[in-house]
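Q: Hi! Could you walk me through this protein step by step? I'm new to reading structures.

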Amino acid sequence: MPDKRVAGLLTDIGTEELAHFEIIGAMVHQLTRNLTPEQIEKSGFAPYYTDHTLGVWPQAAGGIPFNACEFQVKGDPICDLTEDLAADAAKV
């Protein structure tokens, strides 16, 4: 990134978005921490719980883990941000 101010701004945005993952993870933990084994089985959490226990593992509803393959990079910040937004909109 040639402009250090823009690089700093993008770093701040990325850090804030990771904090959102942390907030969602804390909410999921609070909602599921007192489930009995029977409730875990009945709710459909059993396969997830077996793989990750109490850890929060971001994944799609279909069970596909989140990874960086969701993003493309062209080297142009405006193009990259627009592409990422379009990819996110296509998932909705």
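A: Happy to; we'll go through the confidence, the helices, the surface and a few residue pairs.

A: This is a predicted model, where local features need pLDDT of at least 70, side-chain atom pairs count only at pLDDT 80 or more, and totals for chains, interfaces and linings use all residues. Residues are numbered from 1 along each chain as its sequence is written, and side-chain values use heavy atoms, with hydrogens and water left out.

Q: What does the protein chain average in pLDDT?
A: The average is 74, and 67% of the residues score at least 70. Here pLDDT is the predictor's confidence in each residue, from 0 to 100.

Q: Which elements have the lowest and the highest mean pLDDT?
A: Helix H4 (residues 77-91) has the lowest mean, 60, while H1 has the highest, 84. Where pLDDT is low, the predicted coordinates should not be read in detail.

Q: OK, how many helices and strands are there?
A: The protein chain has four helices and zero strands, giving the pattern α-α-α-α along the sequence. Both kinds of element are DSSP runs numbered from the N terminus: helices are H or I with at least four residues, strands are E with at least two.

Q: How much of the chain is buried?
A: Of its 92 residues, 7% count as buried. Buried means under 20% relative accessible area, exposed means over 50%, and partly exposed is in between (1.4 Å probe, protein chains only).

Q: New topic: how many salt bridges does a search of the whole structure find?
A: One. The side chains of Asp3 and Arg5 form a salt bridge, at 3.5 Å from N to O. The term means a side-chain nitrogen of Lys or Arg within 4 Å of a carboxyl oxygen of Asp or Glu. Side chains of opposite charge can pair when their charged atoms come close.

Q: And are those two buried or exposed?
A: Asp3 is partly exposed, with a relative accessible area of 28%, and Arg5 is exposed, at 69%.

Q: Which residues make the nonpolar surface patch?
A: Leu9, Leu10 and Ile13 make a patch of about 240 Å². Patch residues have over 30% relative accessible area and no salt bridge; like charges are joined within 9 Å, and nonpolar side chains (Val, Leu, Ile, Met, Phe, Trp, Tyr) within 5 Å. Ile13 lies in helix H1 (residues 4-32) and is partly exposed at 41% relative accessibility.

Q: Last one: where is Phe21 found?
A: Phe21 is in helix H1, and counts as partly exposed at 41% relative accessibility.

Definitions and conventions:
Accessible areas come from the Shrake-Rupley method with a 1.4 Å probe; for residues, only the protein chains shown count as cover.
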